[in-house]
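This report goes through helix packing, domains, cores and chain contacts in turn. The sequence and structure come first.

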Amino acid sequence: MGCEFEVILWGGDADYLLAAAEEALDEVRLLEEQLSVFIPTSEISFINAVAGSRPVRVEPRLFRLLQTATRISAETGGAFDVASGALVDLWNAAEHVPSDEEISEHLRDSNVILDEEKSTIRFANPSVKLNLGAIGKGYAVARVVEFLRDREIANGLVSAGSSTVYALGAPPDDDSWTVGIKDPVRRDERITSVRLRDRALSTSGSHERFVEIGGERFSHIIDPRTGRSASGGLLLACAVTEDPSVSDALSTAFFVMGREGTKSYCESHPEAGAIVVSGGESPEIERINV
Amino acid sequence: MTDMERLTRRDFLKGSAAAVTAASVGLLSNAVAEEKPVRCGFIGVGSEGHMLLGKTLRIPGVDVVAICDIYPPHLKRSLRSVLARGYEDYRWMLERKDIDAVIIATPLYLHAPMAIDAMQAGKHVLCEKMMAHSIDDAKAMARTARDTKKLLQIGHQRRYNSLYNHAYKLIKEGAIGKITHVRLMWNRNGSWRRAVPDAKYERLLNWRMYRDYSQGLMAELGSHLFHVANWYLDSIPVSVMGYGSIDYWKDGREVFDNVNVIAEYPGGVKVYFQSLTTNQYDNCYEQFMGDKGTLIIEGGGAHIFPEPKAEQLTWSAMAHKEKVDGKEGIVLDADVTPRLKQQGGPGETITTGVPKKDDYSTELESFIACVREGKAVQCDPLEGLRSAATCLLANQAMEQGKKLIYKPEMFNI
């Protein structure tokens with residue numbers, strides 16, 4: 001997954017919890033082999049190589065993830081798009097700021113055709129590439145949580161890097177976990193915190209990861225609607241939902257959509273919460289449904 | 001007998017699914033596969049079986065209709081992936097007439113009874129490695145395959161890896177000369193234990209630790225590498241000796257936590273195998289040492305390191321090279337190297353656009369194709385038996401602390 005996974009568990013036999021955590025992390029390794037665009041034999045790499053020319057049968061749970069991704073893409077007006085891998089590649093490999101012409105090649109509608117009956121995916125044109133970078137970590141967290149619940153482990157924290165955390169149950173002597181959010185400007189300080197129980201929190205920002213072209217820094221988050229570095233005016237966007245896959249995708253969409261777009265989304269989706277941070281040296285924090 | 005018998009939506013969808021299939025237009029191979037799907041059942045969906053299930057579900061023209069596991073969390077997890085019927089007892093599953101093939105990924109001691117029952121019930125079988133808990137069991141499986149005329153494929157997936165096949169061809173062409181020594185390494189740093197929620201599940205989940213169910217590191221790791229050694233050397237060992245013991249993980253396990261084996265092959269070729277559970281520095285590799293060069297397959301890649309005195313390989317001047325631990329190696333690529341050899345000169349741009357799949361996927365696809373087309377499998381019972389027999393006598397040699405001689409009949413069905 002290209003990041004550090006952490007599993008913190010409590011309640012019950014320590015040896016059992018340790019062995020379960022190790023097994024859960026084995027699941028993450030298997031998911032990475034399935035989802036990574038950097039592994040030539042991964043399922044995603046195979047789909048990217050073939051789905052432009054013919055339908056490719058997809059492992060059912062990945063298929064359902066892709067369905068979730070396309071639903072979120074529609075709900076966010078394309079601010080999140082799992083099929084924007086070619087744009088990500090374009091910016092990551094760029095030696096100059098990509099031109100309108102270069103970008104327009106990769107801006108297309110209805111890029112991905114999912115056939116539920118056959119569990120297949122096909123791309124509308126061969127240049128489409130999937131990149132699960134903005135949903136895969138959340139999906140892996142969801143699978144780890146599921147693995148732990150199957151083993152009747154009810155309390156813990158599961159996190160993927162600094163981008164997604166799931167609060168399973170609650171810590172000792174409390175009814176929910178307190179999860180801190182780093183200040184995007186003063187990185188060693190906490191800007192706010194969230195109380196979570198059986199919910200996920202994901203964050204997106206450009207303070208840690210960026211693309212540098214000709215000495216200029218661009219957000220690593222690309223707006224799939226414009227093909228350019230996201231400019232929603234936020235320093236940080238956080239999403240809170242029950243499903244870590246969804247929170248992972250939504251935090252990216254919120255960062256791209258900006259404050260007003262995020263508020264609008266949360267008004268029509270009360271099950272989703274958001275924290276958006278904007279401003280400069282003195283960031284402004286707004287909580288929505290949280 | 002309790003049968004969970006999770007009746008699924010698939011039964012209700014059968015009619016409409018067939019109609020959609022008939023109307024579909026795709027590549028010929030996909031269309032043919034979908035018209036005549038191979039219907040599979042899985043027995044054992046722990047970590048290995050669940051992984052195989054996920055890859056099987058990607059193959060066009062395969063319907064997974066039944067899944068069996070006696071550990072509820074495993075069964076529950078796999079039934080989230082596919083609309084299939086769940087079973088706790090594999091014999092109920094085998095009674096179904098609509099299953100063409102079963103994939104077995106259960107503890108080692110169950111391979112033989114389950115595979116034999118499955119073949120006698122008319123199913124083709126892909127059985128995970130190592131083939132069986134004993135040589136007699138492996139032979140019984142092989143004889144059942146012969147008598148029932150059912151396919152029995154053993155899960156040594158390297159046999160289906162294009163890089164391993166490419167390296168084999170290069171060895172046969174003399175790229176590293178006469179092989180005199182082989183090093184096989186598979187080291188990890190971990191207890192190998194599974195989470196056990198209740199003591200009653202200890203032997204079920206940690207079966208690898210107990211001799212009645214497992215043959216330890218030789219079976220779980222060594223059998224893969226000795227399968228490659230037997231394959232590349234085109235031979236079977238003559239004798240074996242080694243040290244194995246429980247020195248670090250004193251947690252009630254009965255199988256060695258480290259094994260160190262030397263097997264002698266015809267012509268004096270020595271094959272060393274080491275597997276540790278306390279240090280992963282060397283990780284996993286196969287190293288074939290010849291008088292003209294060394295071939296190392298490691299971490300999904302392979303290199304040839306020519307001996308200084310060896311003549312340059314005709315195609316190597318154009319091959320990609322890179323430094324590994326300070327030594328320059330020729331990078332093997334199953335797609336590029338043969339083209340370089342054909343090309344015989346510079347001037348052409350070499351590209352590799354062939355989509356790749358992992359070797360578990362190619363192994364499963366090959367098995368499904370053999371079932372559909374009635375072809376013989378590549379990693380057949382004889383290959384499985386030879387790898388198993390090699391490892392089983394090595395375990396005995398370590399237990400007895402002496403050199404043991406392989407008898408030819410150990411390797412014959």
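A crossing of two helices is called left-handed if the near helix is turned anticlockwise from the far one by less than a right angle, and right-handed if clockwise. By that rule, the crossing of α10(B) and α13(B) is right-handed. The model is predicted, so local features need pLDDT of at least 70 and side-chain atom pairs count only at pLDDT 80 or more, while totals for chains, interfaces and linings use all residues. Residues are numbered from 1 along each chain as its sequence is written, and chains are lettered from A and ligands numbered from 1 in the order in which they are written.

**Helix packing**

Two packed helices are described by the angle between their axes and the distance between the axes. Helices (H or I, at least four residues) and strands (E, at least two) are DSSP runs, numbered from the N terminus.

On the α6(A) side the contact is made by K137(A), G138(A), Y139(A), V141(A) and A142(A), and on the α7(A) side by P244(A), S245(A), S247(A), D248(A) and A249(A). Here two residues are in contact if their C-beta atoms, placed from the backbone, lie within 7 Å.

**Chain B**

Chain B has 13 helices and 16 strands. Of its 413 residues, 44% are buried; a residue is buried if 20 or more other C-beta atoms lie within 10 Å of its own, exposed if 12 or fewer, and partly exposed in between, with C-beta atoms placed from the backbone. Among contacts in chain B with a separation of 6 or more, residues 24 or more positions apart account for 70%.

Domain bounds come from an automatic or database domain assignment. For chain B that assignment gives domain 1 (9–157) and domain 2 (160–360 + 389–405). Contact between these domains involves 14 residues of domain 1 and 18 residues of domain 2. On the domain 1 side, α3(B) gives the largest share, three residues.

Which residues touch the most other members of the largest nonpolar core? They are A115(B), V125(B) and M141(B), in a core of 103 residues. It draws at least three residues from each of domain 1 and domain 2 of chain B. A nonpolar core is a set of buried Ala, Val, Leu, Ile, Met, Phe, Trp, Tyr and Cys residues joined through C-beta atoms within 7 Å. Leaving aside residues up to four places away in sequence, M141(B) touches A112(B), A115(B), I116(B), M131(B), A132(B), L152(B) and P381(B). Another core lies apart from this one and has 87 residues, among them V58(A), A83(A), I121(A) and C238(A).

P113(B) sits in helix α6 (residues 111–120) of chain B. With 16 other C-beta atoms within 10 Å, P113(B) is partly exposed. Its C-alpha atom is separated by 32 Å from that of V271(B), 158 residues apart along the chain.

W192(B) lies in the loop between β7 (179–186) and α9 (202–205) of chain B. W192(B) is also partly exposed, with 17 other C-beta atoms within 10 Å. Not counting residues up to four places away in sequence, W192(B) touches R208(B) and T277(B).

**Chain A and the chain contact**

Chain A is assigned domain 1 (43–123) and domain 2 (167–288). Their centres, taken over C-alpha atoms, are 23 Å apart. The contact takes 20 residues from domain 1 of chain A and 19 residues from domain 2 of chain A. On the domain 1 side, α3 (60–75) and α4 (85–93) of chain A each supply at least two residues.

Between the chains, the contact takes 26 residues from chain B and 23 residues from chain A. In chain B, α1 (9–23), α3 (47–56) and α4 (72–81) each supply at least two residues of the side that touches chain A. The most, five residues, come from α4(B).
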